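This briefing is intended for a reader who has the sequence and the three-dimensional structure at hand. Please keep both in view while reading the points below.

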Amino acid sequence: MKQLELTGTWRHGQITQFLESCPELKILIIDFVDWREFKPEKSMWIPACMLTNLTTIKFSRCDGYTCDMKFLEYMLGNAQVLKTVTVFAR
């Protein structure tokens, strides 16, 4: 799978599971995140697509809340070949 569009609300465990099962993913389009419970760990695994293929993220319903920033910080800090990030505020 090269493109994944997630609509609705997604928690960090669900998103990372999807990303891990899509090692060839290049484009992630996501609607809304709920990362209130997310606590990054130094030893946390990074899905393969984020290390080698994920070039585009479109985040369509960013409110600017802490959970949105946690999601963006995680993605920007770990997606090693990322070229384009588009964030749409609500």
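What pLDDT does the protein chain average, and what percentage of the residues score at least 70? The protein chain averages a pLDDT of 92, and 98% of the residues score at least 70; pLDDT is the predictor's confidence in each residue, on a scale from 0 to 100. This is a predicted model, in which local features need pLDDT of at least 70 and side-chain atom pairs count only at pLDDT 80 or more, while totals for chains, interfaces and linings use all residues. Residues are numbered from 1 along each chain as its sequence is written, and side-chain values use heavy atoms, with hydrogens and water left out.

**Confidence by element**

- Helices (DSSP runs of H or I, at least four residues) and strands (DSSP runs of E, at least two residues) are numbered from the N terminus.

- Four strands make up an open sheet with parallel pairing, in the order E1-E2-E3-E4; two strands pair if DSSP finds at least two bridges between them.
- The edge strands, each pairing on one side only, are E1 and strand E4 (84-89).
- From one strand to the next, the twist averages 15 degrees; axes are lines fitted to C-alpha atoms, for helices over the stretch in contact, and angles between N-to-C directions run from 0 to 180 degrees.
- In general, the strands of a sheet pair through backbone hydrogen bonds, either parallel or antiparallel.

**Strand pairs and bridge partners**

- Seven bridges join strand E1 (residues 3-11) to strand E2 (residues 27-34) in the parallel sense.
- Within this pair, Leu 4 lies opposite Leu 28 of E2, and Trp 10 lies opposite Val 33 of E2.
- E2 and E3 are paired in the parallel sense over four bridges, and the bridge partner of Ile 30 in E3 is Phe 59.
- E3 and E4 are paired in the parallel sense over five bridges, and Phe 59 has Val 87 as its bridge partner in E4.

**Helices and crossovers**

- A right-handed β-α-β unit is made by E1, helix H1 (residues 12-20) and E2; a crossover is right-handed if, with the strands pointing away from the viewer, the path from the first strand over the helix to the second runs clockwise.
- E3, H3 and E4 make a right-handed β-α-β unit as well.

**The nonpolar core**

- In soluble globular proteins, nonpolar side chains tend to be buried together.
- The largest nonpolar core has 24 residues, of which Ile 15, Phe 71 and Met 75 touch the most other members; such a core is a set of buried Ala, Val, Leu, Ile, Met, Phe, Trp, Tyr and Cys residues joined through side-chain atoms within 4.5 Å.
- Two or more residues of this core come from each of E1, H1, E2, H2, E3 and H3.
- H3 supplies the largest share of this core, five residues.
- Seven of the eight residues of E2 are buried, where buried means under 20% relative accessible area, exposed over 50%, and partly exposed in between (1.4 Å probe, protein chains only).
- Not counting residues up to four places away in sequence, Ile 15 touches Leu 6, Trp 10, Ile 30, Val 33, Trp 35 and Phe 71; contact means heavy atoms within 4.5 Å.

**Two residues compared**

- Phe 71 is located in helix H3 and counts as buried because its relative accessibility is 0%.
- Apart from neighbours within four places in sequence, Phe 71 is in contact with Ile 15, Ile 30, Val 33, Trp 35 and Phe 59.
- Phe 71 and Phe 38 are 33 residues apart in sequence, and their C-alpha atoms are 8.6 Å apart in space.
- His 12 is located in helix H1 and counts as partly exposed because its relative accessibility is 25%.
- Apart from neighbours within four places in sequence, His 12 is in contact with Asp 34, Trp 35, Glu 37 and Phe 38.
- His 12 and Ile 27 are 15 residues apart in sequence, and their C-alpha atoms are 17 Å apart in space.
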